[in-house]
Amino acid sequence: MGRYDRTTARARLVSACKGSKIEDIMARLVAFALIAYCYLQPGLALAQDTARQLAGSWKLNSWTIQIIGGEATEPFGPNPKGRALFTLDGYVTFVIVAANRKPPANNEESATLLKTLLVYSGKFTLDGDKFTTKVDMSGNELLTGQDQVRFFKLEGDKLSIRTAEQVSSVYPGKKVVGTLVWERDR
């Protein structure tokens with residue numbers, strides 16, 4: 001009978017220790033989750049605040065492309081027209097056209113108009129001074145389904161957007177950095 005009691009006591013002690021380890025692990029997981037939440041929360045709040053600041057309609061002031069090892073150009077001329085719309089639910093649409101476009105009189109002129117149009121939209125995410133748009137539709141099907149990564153600087157009612165150095169679709173075979181300057185449309 002004494003041996004049975006020791007075995008039972010040992011089993012109960014092992015069981016209690018196992019339960020204690022599970023409780024310890026659970027307590028550590030809860031503590032880790034709480035620390036992660038506190039650490040990430042300011043970043044999430046900052047991204048949400050930035051998204052609120054970006055929300056609205058922006059009018060294009062200028063678009064320049066710096067050709068690496070070359071000169072700066074204005075692909076749609078000195079007075080391009082454009083609109084950027086950022087929504088609170090995380091979507092963005094860009095429409096940019098050259099100045100002084102005229103209605104086409106034939107198919108060739110219609111095709112030429114397409115070369116003076118840049119348009120795409122999609123869901124965007126923020127990461128510090130970078131936003132990435134997952135393009136869901138575009139005037140250039142090469143962009144559809146792709147990520148467009150841009151860097152931005154927001155100062156009051158002025159928004160500057162810059163591309164990373166990339167191979168140009170406007171100037172084939174050349175590497176470029178594009179800069180667009182927008183003003184909040186009131």
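In the predicted model described here, T112 is partly exposed, with a relative accessible area of 46%, where buried means under 20% relative accessible area, exposed over 50%, and partly exposed in between, as found with a 1.4 Å probe on protein chains only. T112 belongs to helix α2, which covers residues 107–114, and the C-alpha atom of T112 is separated by 9.9 Å from that of R101, a residue 11 positions away along the chain. Because this is a predicted model, local features need pLDDT of at least 70 and side-chain atom pairs count only at pLDDT 80 or more, while totals for chains, interfaces and linings use all residues. Residues are numbered from 1 along each chain as its sequence is written, and side-chain values use heavy atoms, with hydrogens and water left out.

The chain holds 2 helices and 10 strands, these elements being DSSP runs numbered from the N terminus (helices of type H or I with at least four residues, strands of type E with at least two). Read along the sequence, the elements follow the pattern α-β-β-β-β-α-β-β-β-β-β-β. Of the 186 residues in the chain, 27% are buried. In the loop between β4 and α2 lies N100, which has a positive phi of about 60 degrees although it is not a glycine. Most residues other than glycine have a negative phi. At 66% relative accessibility, N100 counts as exposed.

Strand pairing, which requires that DSSP finds at least two bridges between two strands, joins β4 to β5 in the antiparallel sense over 7 bridges, with Y91 standing opposite K123 in β5. Strand β5 also pairs in the antiparallel sense with β6 (residues 130–138), here over 8 bridges, and Y120 stands opposite S138 in β6. The hairpin of β5 and β6 has 2 residues between the strands, and in this hairpin G128 takes a positive phi near 65 degrees.

The residue S138, found in strand β6, is buried, with a relative accessible area of 14%. Its side chain takes part in polar contacts, a term that covers pairs of N or O atoms within 3.5 Å, of which, within protein, one must be able to donate a hydrogen and the other to accept it, residues adjacent in sequence counting only if both atoms are side-chain atoms. A polar atom of the S138 side chain lies 3.2 Å from the backbone oxygen of V119, and the side chain of S138 also reaches the backbone nitrogen of N140 at 3.0 Å.

Aromatic pairs were assigned where the ring centres of Phe, Tyr and Trp (its six-membered ring) lie within 6.5 Å, with planes under 30 degrees apart counted as stacked, over 60 as edge-to-face and the rest as tilted. By this rule the count comes to 9 aromatic pairs. One of them is the tilted pair of F94 and Y120, with 5.3 Å from centre to centre and 50 degrees between the planes. This pair links distant parts of the chain, since F94 is in strand β4 and Y120 in strand β5, 26 residues apart. Both F94 and Y120 are buried. The rings of F94 and F131 have centres 6.4 Å apart and planes at 20 degrees, so that this pair is stacked. As F94 lies in strand β4 and F131 in strand β6, the pair ties together parts that are 37 residues apart in sequence. F94 counts as buried at 5% relative accessibility, and F131 counts as buried at 1%. Ring pairs link F86, F94, Y120, F124, F131, F152 and W182 into a cluster.

Open space was examined on a 1 Å grid over the protein atoms alone, a pocket being an open set of points where a 1.4 Å probe fits, with protein on both sides within 12 Å along at least five of seven lines, and lining residues having an atom within 4 Å of a point. The largest pocket has a volume of about 820 Å³, and of the 33 residues that line this pocket, W63, L118, L143, S169 and V170 are the closest to its centre. The elements that give two or more residues to the lining include β1 (56–67), β5 (117–127) and β10 (175–184), and β10 gives the most, with 5 residues. By class, the lining has 20 nonpolar, 10 polar and 3 charged residues, where Ala, Val, Leu, Ile, Met, Phe, Trp, Tyr, Cys and Pro count as nonpolar, Asp, Glu, Lys and Arg as charged, and the others, Gly among them, as polar.

Methods. Grid points are joined across faces, edges and corners, and a volume is the space filled by probe spheres set on the points.
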